Amino acid sequence: MAGIARDDCVALDLRNPLGHLRDLFSLPDGTIYLDGNSLGALPVATLARITDTVVNEWGIGLIRSWNSANWMELTSTVGDKIARLVGAEPGEVIITDSTSVNIFKVLSFAAEIGQRADSQRRSIVVERDTFPTDVYMADSVARIHGMKVVNAPTAELGEVITQPSTAVVLLTHVDYRSGAMHDMAAITRVAHEAGALVVWDLSHSAGAVPIDLHGVDADFAIGCGYKFLNGGPGAPSFVWVHPRLVNEPVSQPLCGWLGHASPFAFSDEYSPASGVRRFLCGTPPVLSLAALDCGVDTVLAAESHGGVGALHQNALALSSLFAELVEQRVASHGIRCVTDTTTPQRGSHLSFVAPTGAYAIVQALIHRGVVGDYREPDFMRFGITPLYTRFVDIWDAVEQLTQVLDSGDWKLPQYSERKAIT
Ligand SMILES: *Cc1c(COP(=O)(O)O)cnc(C)c1O
């Protein structure tokens, strides 16, 4: 096989119509950042925005800024921007709480709708080996509603979803380890034909792959603000509910005052706001929302260059190159790609397994400035964010990986010491 030269990658970068978007980010020199699927990089605009929010809006405006700086409206103005990335309409997306909390609220809401329609529908279906918080939250909801969770292996999902006992299905659109992407339209159709509802977790897809919530006739979606949306550590999460379901006469389980129809009436009786605002709970994190606003803007900046579709195409090209270079250069070390790069039905990250030492290899790479991450039990995961990842970064990352493996560097004891966060 003809080798791919570094110069070929430089040439690809020069021809990339999205290449200039990298300038929207403040990236440290000497680092190849391949973990934007876990924590998106810092946008240049964020620092000035946060400074303004702190110094002027908080410092000088003080409590007046809830009105004068529209603090309260950020939950929906930023939501409206995310709506453009996921095929939703203005007013349908709200930013609130963490992804875990939103999974709980939305899944509980969906489960209640399912049970009201047919009390025999007592199960919540999740995919085996999905992100743990999704499973834990499904367990919590099942306990509260007297339901049960069915952990289905991927291959059996179709069959399990169509069981008459299925009330709601919670699925992660893009798998956090393998990068495999579900067919949202097909699964939603199968579920609807069987009378079940579907909650989509878009944590690894919003801002990375094209999503058309109305086009696939989805029911519910939630997603993460700090991954491909670049909202910063702990950025709040978003909720979308189809308009045909959002005003159903069931309540989400955490009825806080800001989800009330008129919070400032300070009424003793809870009456939910109409639409998705009923999924609000308490006071929004204004600093984090300001940062998320800047993060979402970086993805929207691609809109005039083909949008998320073009970003995804670039991510596919970048990750295919990564897999090809690994195959050419380090296959002899037994490194195997677990992401199926023969299909475009995949997200923006890819994972490899190593016969031994996956954790240490990732640490040795991080030491050399190539930042990916490790996921149990033996996954080396690399996130591609085409907003700032270049072809030459992929080439350089695989060069470092080759050096780490050929030299046996990764066997140094310091690389095997487990850190609290992997
Ligand atoms: C990242 C991620 C989450 C994150 O949940 P937090 O509440 O923000 O910690 C949830 N689900 C999936 C599938 C994720 O990838």
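These legends describe close-up views of cavities and aromatic contacts in a predicted model. Residues are numbered from 1 along each chain as its sequence is written, and side-chain values use heavy atoms, without hydrogens or water. Local features need pLDDT of at least 70 and side-chain atom pairs pLDDT 80 or more, whereas totals for chains, interfaces and linings use all residues.

**View 1. The largest cavity, of about 70 Å³.** A cavity is a set of points on a 1 Å grid over the protein atoms alone where a 1.4 Å probe fits but cannot get out, and lining residues have an atom within 4 Å of a point. The volume is the space filled by probe spheres set on the points. The lining consists of R22, L27, P28, T31, I32, Y33, Y388, T389 and D393. Y33 and Y388 also belong to one aromatic cluster with F25.

**View 2. The second largest cavity, of about 40 Å³.** G207, A208, F228, L311, T385, P386 and L387 line this cavity.

**View 3. The ring pair W66 and W71.** Rings of Phe, Tyr and Trp (its six-membered ring) pair if their centres lie within 6.5 Å; planes under 30 degrees apart count as stacked, over 60 as edge-to-face and the rest as tilted. There are 13 aromatic pairs by this rule. The W66 and W71 ring centres are 5.1 Å apart with planes at 90 degrees, so this pair is edge-to-face.

**View 4. Charged ends over rings.** The criterion is NZ of Lys or CZ of Arg within 6 Å of the ring centre and within 35 degrees of the ring normal. K227 places its charged end over the ring of F131, 5.3 Å from the ring centre. The charged end of R329 sits over the ring of W395, 5.3 Å from its centre.

Terms used: On a 1 Å grid over the protein atoms alone, a cavity is a set of points where a 1.4 Å probe fits but cannot get out, and a pocket is an open set with protein on both sides within 12 Å along at least five of seven lines; lining residues have an atom within 4 Å of a point.
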